[in-house]
Structure formats: structure tokens, C-alpha cells
Amino acid sequence: MLQSIIGKSYFNSHFLNKYEVYKLLSQFEDLKAHIPYTILYKNPSDLFEMIDKFKIIYAKPILGLQGRKVYKISKEEGYIKLRFREEGLNKIAIINIHQADVIDEYIKSGNFILQQGIDLIQYEGRSLDLRCIMTKDRSNTWILNGIVVRVAPQGSIVTNVSSGGGAYMFEDFCINNMGFSDVYTFYSRKR
């Protein structure tokens, strides 16, 4: 109902398709260099090609939510290692390279993306990411309402609160956990 009133004036609804977003954003040269290379998973050869190129990749459902079925994948001598979180626990699956069809038990063709692995900021040995909360005002201008810091549970590859992570307002996190007296100190140290 709301969409019929405001049209497609919003971004990042729960219907967001990660692969379509990648294709859209990668058309812009200014953005392309800042987003991880991504392909649609069709078969295990896609995974082998990506892992040979990037060493660490992530597999994510194209319509995924809450960090479910996200896999951090690396290649070790004769094996593929999948790290993931399931039912509140960190898990690892080791798959023999010669039994690549087993990968399809975890990653479904056409329903997953494979994404270049990037190093996340670490805080006390846990991954951390930032999410911007933005809305459009009446004149259709984007407004930054706040920044949320998400911190993964110990040993987890996902930062989602629903998977045991913590969420904090950026300013509070910087002041209380990073030792900055104000947010501007954080920004100036990062430049």
C-alpha cells in the first residue's frame, strides 16, 4: 500500500536483490572501484574461478536477510573451507575439491552471489561494519539520519544483530569504545 502512494522512492527494502544492486552500482565508474566484484553463482566452476582470483570470497543469498546462509569461503590444499553461522553457532564445512558437487548442498545456483572478500575493520578481534540510515525528505533529497556500528559475535563472519552481533550509534561507539572524545577526532584520524 505504501509503495502505491510514494512510488519507488525508497532504497534497501526487504525485497532488495543484491545482484541487481551490484549490476546497477557497478555501471558508475566512481563507485565501481569501491564495491566488491560480484557474480551470480551458477555452478562450482564459478566458485573455483572466484577463489583463485581473490583467495577469500563470500557467498550470499541474493535475497538474503539477517546474515543467514552467508558463507566465507577459502581454498586450502585440496579443500574448500566454508565458514558460516547457523543456529547461533559458528560452523565450518570442509569440502574436498574433487567432490565439488557437495558445494551445491550449501550454495544454490541462481539464488546466490559470489563476492570478492574484503577485510572488515576489527574491534577487539571481532568484525565491525557501518550502516548509514538515510531517508528522503519532501523535496526528494537524501538525508543522513544516523550511522549504526554493527559488531560481530566473537569468531563470526556476520555482524547482524539477529545472528548475535551488537548494534551501536556511531557517535556513542566512537566515544565509549574507541577513546575518541568526539566523532570529529575519529574522522580526522581516518584521513
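**Entry 1: a salt-bridge network**

I began with Asp 129 and Arg 150, whose side chains meet in a salt bridge (3.1 Å, N to O); the term asks for a side-chain nitrogen of Lys or Arg within 4 Å of a carboxyl oxygen of Asp or Glu. Asp 129 sits in strand β8 (residues 126-136) and Arg 150 in strand β9 (residues 142-151), so the pair ties together parts 21 residues apart in sequence. Helices (H or I, at least four residues) and strands (E, at least two) are DSSP runs, numbered from the N terminus. Both Asp 129 and Arg 150 are buried, where buried means under 20% relative accessible area, exposed over 50%, and partly exposed in between (1.4 Å probe, protein chains only). Salt bridges that share partners join Asp 129, Arg 131 and Arg 150 into one network. For Asp 129 and Arg 131, the closest N and O atoms are 3.5 Å apart. Arg 131 is partly exposed, at 40% relative accessible area.

**Housekeeping**

I keep in mind that this is a predicted model: local features need pLDDT of at least 70, side-chain atom pairs count only at pLDDT 80 or more, and totals for chains, interfaces and linings use all residues. Residues are numbered from 1 along each chain as its sequence is written, and side-chain values use heavy atoms, with hydrogens and water left out.

**Entry 2: another salt bridge**

My search of the whole structure gave four salt bridges. One of them links Asp 52 and Lys 75, with the closest N and O atoms 2.9 Å apart. Asp 52 belongs to helix α4 and Lys 75 to strand β3, so this pair ties together parts 23 residues apart in sequence. Asp 52 is partly exposed at 42% relative accessibility, and Lys 75 is partly exposed at 39%.

**Entry 3: the sheet**

Next I traced an open sheet of six strands in the order β1-β6-β2-β3-β4-β5, with antiparallel pairing; two strands pair if DSSP finds at least two bridges between them. Which strands stand at the edges? They are β1 (38-40) and β5 (89-96), each with a single partner strand, so one side of each is left without a neighbour in the sheet. Four bridges join β2 (residues 56-61) to β3 (residues 71-76), and Ile 56 stands opposite Ser 74 in β3.

**Entry 4: Ile 113**

The C-alpha atoms of Ile 113 and Tyr 19 are separated by 6.5 Å, though the two are 94 residues apart along the chain.
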